[in-house]
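Good morning, and thank you for joining.

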Amino acid sequence: MVAHSVWIVGSSRSGKTTRLVNQFCSWVQGNHQANGSFYTNQKEQKKGKQLVKGLELRQAEPGVLLLAANDDNRREFGDRIVTATLGKYPVRAKTPLGFFQDEVILFWPLLIQSLNLNAQFPVRLRPETEQELATKLWRSQLDEETLRQAGMNEYRLVRRILDLLQLAAYSGENCDRIAEILATGLGDNPIDLDPEFLASLLLDWRDWCLNRGFLTYGIITELYNRHLLTNENYQQHLAKRYQAVLADDVDEYPGVARHLFDFLLDGGAVGAFSYNPEGAVRLGLGADPQYLEGLARRCQVETLIGPPVESLAIELATQMVELATEPTVILSLPETVQSIQTTSRAQLLRQTAEVIVDAIASGEVEPEEVAVIAPGLDAIARYTLIEILNKQNIQVEPLNDQRPLISSPAIRALLTMLALVYPGLGRLVDRDAVAEMLVVLSRKSKAADSASELSTNIDPVRAGLIADYCFEPHPERPNLLPVTAFERWDRIGYAATTAYTEILQWIEKQRSQQEQRLIPSPISLIYLAIQDFLCKDTNPPYDRLAALRELLETAQHYWEINTRLQQTNSKLPPSIPSESTIAEFIQLLRRGTITANPYPLRPIGPARKAVTLATIFQYRSSRRFHRWHFWLDASSPLWAKGGAATLFGAPLFLQHRLGSPWTAEDEKLAEEQRLQRILADLLSRVSEKVYLCHSDLAVNGQEQLGPLLHLVNACVPINSEAVVN
């Protein structure tokens, strides 16, 4: 047993991360009295001083590995460590999957040698590219009969099969064992497909990717766990590089992370781990909290006192959990919990927004002290709440609001422009798309000091007239005619005519250069259009800039993958994109599978004064805290699901029940436990009030009878007459 490694157990907001930071400070200071005699004898104290000496002498190399559950938490954790130690000690902050990916790429030559792979630099596939390539690879085997047996469309089936590879890798199991695990775990196979068939598809996919140097999260994790972490050369490097490991919220980590921790501890490294029994937000998405909890046996266990004094969890958690899980219990909730009850969901959205407006207007609460949390946020709910609050000058911050790139007019305009420049793409262009492109590309700032206020030289009406009379459809070479092709072109006006002529001349110039092979790739054309039209004389707002940046990154990734495929499959020179490649890229974006987050991950300066809007999963993952909570759709059955869909087959890959059948009784118990964790966690993140927002009917008109309905009935509804209309 490694006595000086610590296992910190505590509920949400009980100070686990702070304790980890203090633990690290005690190590680097050689303090043998860190929180109650950390070094229990002279031998351990000497080892602690040697650790500090090693850290001080090896500034060029990372000496401490910091791990956090997600990227936002990783940045915050790393910043706190660096601030606490004044940046004097080498640390490396990563997420578990980010660490695996970096190590696989860094030690790729070792993998080339041990697995006899082609000597080429690896390329990581994004999930949408992974989906597209796997679909093409399996299309001949996933015929109509197979899809009928599975009872789902091609897109969903491919995603489910790919998730199995990811789940197996996260659990630390070999891909070859997937068939065995599915065969024993799926008694009544819900997709009615042979496990051997599913496993064969995944093995073909994995081998196909490795032969081309393509990496997915599942393949990366399997390569790291089975081929790097077991490699003697790599083990020597790893043991030398890290003398300590600090991991925050290990209840969110995949099971394979424990193999890394065990190796480091076996090699003499010290470790500090925090664990939240009310966490497990990613359970069902690859996390295995019970398996990670086994690390506690190797550590000195510290249990932190429960939720902070300023949270409602102290007085309400037990009571509300009991009400939600035991319907026969008759209790009434205190005034800190109130309900907003309506018949329809439309009424509920409006009344919820009005209660928030009224409270902020009266000064009872500030916008940044309010959070609206829902099991799922559809477009209607998001739009309604944002629209009503914005009209009252109340800003709203949707957490991780990933909208499809194609929802941005600027992105649609750039794709239309691509189809006009490159030949053979005429079927992807229509008059409406051309009209929108003219409006977007003719935007100008009103004043140099007011870049956010934009006008357009071609308004929608004039753009429609130009598209009607000057756009010439053609399957191979659609064309834009001069404005004089419209007999009454004088009606267009000088400003619009000038702007249209500039766009027309620009497109003709790019066509000419494309025919002469002077445009390296569509990426450079997109960049040039952004520079010449969308960012000329103006600084676009953050949401538009984020979408443009994501478009460029997506295009770069797509053509990198295409180049690799051409090198292995095609006679085409890698530098010349085929018409079909550009068409597939446009169609990929139009399917809405690629998103961009239009809001900053971290505010610069003071925190944004805005109401937070989030799903349960997003809010819990962000580890935020507010004075007031509004639990939207409180009687929805989705509250028991945690606001995130569980991956198909996820329970079969948990280490404590690997391959065991998952029954209806298991599912019921899992939902009860998840609901208890959600309630305890959310109540730890609110200090004054919780509003249960309930409508009798859901958005689809069905009656809502979810597990929190008992809570709604146990509290007094707010006085509807007090609501501002």
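In this predicted model, 6 strands come together in an open sheet, and their order is E9-E20-E19-E10-E18-E11. The pairing within this sheet is parallel.

Which strands stand at the edges? They are E9, residues 337-342, and E11, residues 395-398. Each of these has a single partner strand, so one side of E9 and one side of E11 remain without a neighbour in the sheet.

Let me now turn to one pair of strands. Strand E10, residues 370-374, and strand E19, residues 626-631, run parallel and are joined by 4 bridges. Within this pair, Ile 373 stands opposite Trp 631 in E19.

A helix packs on the sheet as well: H26, which spans residues 664-683.

The secondary structure comes to 27 helices and 20 strands. How much of the chain is buried? Of its 725 residues, 55% are buried. If we consider contacts between residues at least 6 apart in sequence, 79% of them join residues at least 24 apart. Finally, the accessible surface of the chain comes to about 32,100 Å², and carbon and sulfur atoms account for 50% of that surface.

Definitions and conventions
Residues are numbered from 1 along each chain as its sequence is written. This is a predicted model: local features need pLDDT of at least 70, side-chain atom pairs count only at pLDDT 80 or more; totals for chains, interfaces and linings use all residues. Side-chain values use heavy atoms; hydrogens and water are left out. Helices (H or I, at least four residues) and strands (E, at least two) are DSSP runs, numbered from the N terminus. Buried means under 20% relative accessible area, exposed over 50%, partly exposed in between (1.4 Å probe, protein chains only). Contact means heavy atoms within 4.5 Å. Accessible areas come from the Shrake-Rupley method with a 1.4 Å probe; for residues, only the protein chains shown count as cover. Two strands pair if DSSP finds at least two bridges between them. Axes are lines fitted to C-alpha atoms, for helices over the stretch in contact, and angles run from 0 to 180 degrees between N-to-C directions.
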